[in-house]
Amino acid sequence: MSLADDIARIKIQEECLRFTKFDEADAWALGGAMRAAALAAKLPLAIGIQVAGRVLFHAALPGSSFDNAEWVRRKANLAMRFHKSSYRVSRELALSGQVFNETRGLQPIDYAPAGGCFPIHLLGTGVVGTVGVSGIPQREDHGFVVAQLCAFLGVSLADVALGPESA
């Protein structure tokens, strides 16, 4: 898929993967399902779910590191700032040719334009938090989160999944 195709598809994901409610129990259920799926696939992920700056779920799976948890934090900051998935911001930057640095008013130590974090959008309210992972390549991080959100929300992954990345 081209960058423009990716961006269009991610916008569809962001429209389709919205919640009617999201509380601590939902974070635990989603996080637990994500942890189980990652363990079954032997993925070395750090997983984080937060709402309004409160960490509601965190897991560091075998093979993950402190750096993965930091990447989740930085991607979550980006998704909260822009109310977009971190992979969409990454793709938009790549398409525009812009560089993400402190001249944009955001410190790279706190914001990471890399795939793997998705906004928790409550219908009728807006973006209230994020669900994110780090530990595999960014497109795969993003795809893992989308697949887990689809399963949790009952959305067909085939209807929203990204296609193969263009060379």
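A polar contact is a pair of N or O atoms within 3.5 Å; within protein, one must be able to donate a hydrogen and the other to accept it, and residues adjacent in sequence count only if both atoms are side-chain atoms. The model is predicted: local features need pLDDT of at least 70, side-chain atom pairs count only at pLDDT 80 or more, and totals for chains, interfaces and linings use all residues. Residues are numbered from 1 along each chain as its sequence is written, and side-chain values use heavy atoms, with hydrogens and water left out.

The side chain of aspartate 26 makes such a polar contact with the side chain of lysine 21, at 2.6 Å. Aspartate 26 is buried, at 13% relative accessible area (buried, under 20%; exposed, over 50%; partly exposed, in between; 1.4 Å probe, protein chains only).

The whole structure holds 13 salt bridges (a side-chain nitrogen of Lys or Arg within 4 Å of a carboxyl oxygen of Asp or Glu). One joins the side chains of glutamate 15 and arginine 18, at 3.0 Å from N to O. Glutamate 15 is exposed, at 53%. Arginine 18 is partly exposed, at 22%.

A salt bridge also links the side chains of arginine 73 and aspartate 110, at 3.0 Å from N to O. Arginine 73 is partly exposed, at 28% relative accessibility. Aspartate 110 is likewise partly exposed, with a relative accessible area of 30%.

Glutamate 92 forms a salt bridge with lysine 84, their closest N and O atoms lying 2.8 Å apart. Both are partly exposed: glutamate 92 at 21% and lysine 84 at 21%. Asp6, Arg91, Arg139 and Glu165 are linked in a salt-bridge network.
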